[in-house]
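This report covers the surface, fold, one hairpin and the pockets of the structure shown here.

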Amino acid sequence: SARSEGQLLRIIQEALANVRKHAHARRVKIRFELWDSVVQTTVEDSGRGFQPAEARRGRHFGLDTMRERAESVGGTLLIESKPGAGTKVVVRLPQDEKGGNDHASH
């Protein structure tokens, strides 16, 4: 749906802003995959990484906001990172099988 696409775009923008501001990465990869009724988007960088548990406690990087955006359209957000090993943000959103007919947005 248009609402899901809008939330996904905002999540990707936030993830890329984090890479620019915090990761000091040389490379960023964005991958889109479609399986049955799920769209998965992965933003992966080669930067310095961080401890997700510590970032959650400190409410850094807009991670809560990204998660809330994904959940608001029935999706999930997974963050994998560790110091020195880069960061991977994985967003999974349900794909509307009716071609964008999202009743919740009417």
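The protein exposes about 6,800 Å² of surface, of which carbon and sulfur atoms supply 47%. Of its 106 residues, 37% are buried.

The model is predicted. Its mean pLDDT is 87, and 84% of the residues reach 70 or more. Over residues 99–106 the pLDDT is below 50, and in the model this stretch has six contacts beyond near neighbours in sequence.

The secondary structure consists of three helices and four strands. Read from the N terminus, the order of the elements is α-β-β-α-α-β-β. Among contacts with a separation of 6 or more, 57% are between residues 24 or more positions apart.

The elements for which residue ranges are at hand are listed below.

| Element | Residues |
|---|---|
| α1 | 2–23 |
| β1 | 28–35 |
| β2 | 38–45 |
| α3 | 63–72 |
| β4 | 87–94 |

**The β1–β2 hairpin**

Strands β1 and β2 run antiparallel and are joined by eight bridges. Two residues lie between the strands of this hairpin, and D36 in the turn has a positive phi of about 40 degrees. One of the paired positions is I30, whose bridge partner in β2 is V43.

Strand β2 also holds T42. Is T42 buried or exposed? T42 has a relative accessibility of 2%. Because buried means under 20% relative accessible area, T42 counts as buried. Leaving aside residues up to four places away in sequence, T42 touches K29, I30, R31, E33, K88, V89 and V90. Of these contacts, K29, I30, R31 and E33 fall within β1, residues 28–35, while K88, V89 and V90 fall within β4, residues 87–94. As a general point, the side chains in a regular strand alternate between the two faces of the sheet.

**The largest pocket**

Rolling a probe the size of a water molecule over the atoms shows where empty space is left. The largest pocket has a volume of about 200 Å³. Its lining is made up of 15 residues, and those closest to the centre of the pocket are N18, A23, D45, F50 and T87.

Which elements each supply at least two residues of this lining? They are α1, β2, α3 and β4. Helix α1 gives the most to the lining, with five residues.

Methods
Residues numbered from 1 in each chain as written. Predicted model: local features only at pLDDT ≥ 70, side-chain atom pairs only at ≥ 80, totals over all residues. Heavy atoms only, no water. Pairing = 2+ DSSP bridges. Buried < 20%, exposed > 50% of the residue type's maximum accessible area, 1.4 Å probe, protein only. Contact = heavy atoms within 4.5 Å. Areas by Shrake-Rupley, 256 points an atom, 1.4 Å probe, with all protein chains shown as cover. pLDDT = per-residue confidence, 0-100. 1 Å grid on protein atoms, 1.4 Å probe; cavity = no way out; pocket = protein on both sides within 12 Å on 5 of 7 lines; lining within 4 Å. Points joined across faces, edges and corners; volume = space filled by probe spheres on them.
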